[in-house]
Amino acid sequence: MHGKVSAMPQRALRLFQLSDIHFGLEDTRAIAWAKECIVRERPDAVVITGDLTMRARHREFRAACNWINALDVPVTVEVGNHDIPYFNLYQRFFAPYDRFRAIEKLVETELDLPGLAIVPLRTTTRAQYQRFPWSNGWVTDKALAECLAAIDAHPEGTRILVAAHHPLTERRERDGKLLTINGTRAMEALAGRKVMGVLSGHIHDPFDLTVQTAAGPLRMIGAGTLSKRIRSTPPSFNEIVIDGDGLRVEARNLEHVATPDMQIGGVPENALPPRERGEPVAPVGTVPLADPPVH
Ligand SMILES: [Fe+2]
Ligand SMILES: [Fe+2]
C-alpha cells in the first residue's frame, strides 16, 4: 500500500523506531516511558520492527494491539519470528497473521511521509527447509521483489528507509555461521537503490553500522528492546532524525546511557546475552546473568 511522496520538505522528520517489545515479557516501566515520549513529542511516525510478543499467544497480541492502537501517530509494524504462532502448528502454517487482526492495517504497511517512504521488507518465515529452528531471517525472492517494486514505484531521488525484523547480515563475522538467508543479495539490491538505511530489530542491542556491499555502502540501523529480555544494553528505542540527506540516530534509554555506549560494533546471531567469547557487547556492558523466565 503506497501513495505518492510529496515534494522535498524543509523541516526535518523525526521517527521513533521501537522493537522487540515482547508483550508477555515487556518491561512495563520502559513501555510506559516510550508511550509518554510518543504522546509528548509526537514523532512523524513510529516504526515497530517486530517481535511484538513473546510466544504469539492471544493474550500477548491483545496487549500489543491495544498498546499500538492507542498511539495517535502513523505506525508501521513488521512481523518478528516471535509473532508467528508457536504452539498452534495449524495456525503457524495456514493463518500465521490471524492474531494481528486488530492492527491489520498497520502490518507490513508502507508509510509515506513528506519526501520519505518507509518500505517494509519481510524477513520472517513460517518454516525454513534450510535449517531448524526457524528463528533467524530469510529474505525470500518474493519478499525482496515486493520491497524493490515498492521502492521503484517512487520517483528517483525519493528518500527511502527499509523496515525489517532481522538484520540482513548473511554470515556471522567471527565464524561464518548462517544468519539471514539471502541477506547479501538483499543488501546489494538495497545499496544499489541508494536507500538511506535498513531498520531492524531481533538482537535486542542497538547499532548503527555502514557496511560495504558489491553495489556500494549500506547503512544498517538496529534498535534495542523494550522487553525484560535484554542482551548487553538497558531497554531503549531509537530516535531517528532525517534532515535533508542526513540521518542521525540516538539510542534513547531511561538509564541516560550515551548512544555510543549503547551501540554494538557487529551483528550477533540473536538476542541471547553474549556469554560466549567473541560476541559483540555494547560498551555499557549491561549483561544479565540469565534470561528472565517466560511464563
Ligand atoms: Fe526479539
Ligand atoms: Fe526476533
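Predicted model: local features only at pLDDT ≥ 70, side-chain atom pairs only at ≥ 80, totals over all residues.

User: Are the faces of strand β2 buried or exposed?

Analyst: In a regular strand the side chains alternate between the two faces of the sheet. Strands are DSSP runs of E, at least two residues, and helices runs of H or I, at least four, numbered from the N terminus. In β2 (residues 45–48), A45 and V47 on one side and V46 and I48 on the other are all buried (20 or more other C-beta atoms within 10 Å of the residue's own, placed from the backbone).

User: In what sense do β1 and β2 pair?

Analyst: Strands of a sheet pair through backbone hydrogen bonds, either parallel or antiparallel. Pairing requires at least two DSSP bridges. Here β1 (residues 13–18) and β2 are parallel, with four bridges, and F16 lies opposite V46. Helix α1 (residues 28–41) connects them in a right-handed β-α-β crossover (clockwise from the first strand over the helix to the second, with the strands pointing away from the viewer).

User: Which strands stand at the edges of the six-stranded sheet?

Analyst: The open sheet has the order β4-β5-β6-β7-β9-β8, with mixed pairing. β4 (111–113) and β8 (207–213) are its edges; each has a single partner strand, so one side of each lacks a neighbour in the sheet. β8 pairs with β9 (residues 216–222) in the antiparallel sense over seven bridges, and D208 has I221 as its bridge partner.

Terms used:
Residues numbered from 1 in each chain as written. Chains lettered and ligands numbered in written order. Buried ≥ 20, exposed ≤ 12 C-beta atoms within 10 Å, placed from the backbone.
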